[in-house]
Amino acid sequence: MRYKLTFVVGLTLGYVLGTRAGRERYEQLKKSARQVAQNPAVRNTAETAAQQGRQYAGKAYHAVSDKVGDRVPESVTQRVRSLRDHNTHGAPEDDWGTSTT
């Protein structure tokens, strides 16, 4: 019960302080976040991380496909191939790895 009360008090305090900060503070935070995201060092780091992620995903794909072999249903195999082909042609992806177009 004590932890629930602490949580509720914290939630209430956060709400009150957040509403008092208002729109102006929200706009300041949004502007700061945009500036950080547009920083060349941040963008380069994000791109490097994305490239490494793609490399590791490719290695994992090959390792799994070597072990699983032909035991994967054809429908799954076709779906993976279509996603891979679609993504290699530059279609944007959402957070779930599916095309946004």
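Trainee: Is lysine 30 buried, partly exposed or exposed?
Mentor: Keep in mind that this is a predicted model. Lysine 30 has a relative accessible area of 33%. Buried would need under 20% and exposed over 50%, so lysine 30 comes out as partly exposed.

Trainee: Which residue does the side chain of lysine 30 meet in a salt bridge?
Mentor: The N to O distance for this pair is 4.0 Å, and the cut-off is within 4 Å. The partner is glutamate 27.

Trainee: How are lysine 30 and glutamate 27 separated along helix H1?
Mentor: Helix H1 covers residues 2-38 and holds both of them. They sit 3 residues apart there, which means a separation of about one helical turn.

Trainee: How many salt bridges does a search of the whole structure find, and what pair goes with glutamate 47?
Mentor: The search finds 2 salt bridges. In the one with glutamate 47, the closest N and O atoms are 3.2 Å apart.

Trainee: Which element gives the most to the lining of the largest pocket?
Mentor: Two elements give two or more residues each: helix H2 (40-68) and helix H3 (74-88). By class, the lining has 4 nonpolar, 3 polar and 3 charged residues. With 5 residues, the element that gives the most is H2.

Trainee: What about the second largest pocket: how many residues line it, and how do they divide by class?
Mentor: About 240 Å³ of space lies in the second largest pocket, and H2 and H3 each supply at least two residues of its lining. Lying nearest its centre are Tyr61, Ser65, Gly69, Val72 and Thr77. The lining of the second largest pocket has 11 residues, and they divide into 5 nonpolar, 3 polar and 3 charged.

Note on methods. Residues numbered from 1 in each chain as written. Predicted model: local features only at pLDDT ≥ 70, side-chain atom pairs only at ≥ 80, totals over all residues. Heavy atoms only, no water. Helix = DSSP H or I, 4+ residues; strand = E, 2+ residues; numbered from the N terminus. Nonpolar A, V, L, I, M, F, W, Y, C, P; charged D, E, K, R; others polar. 1 Å grid on protein atoms, 1.4 Å probe; cavity = no way out; pocket = protein on both sides within 12 Å on 5 of 7 lines; lining within 4 Å. Points joined across faces, edges and corners; volume = space filled by probe spheres on them. Buried < 20%, exposed > 50% of the residue type's maximum accessible area, 1.4 Å probe, protein only.
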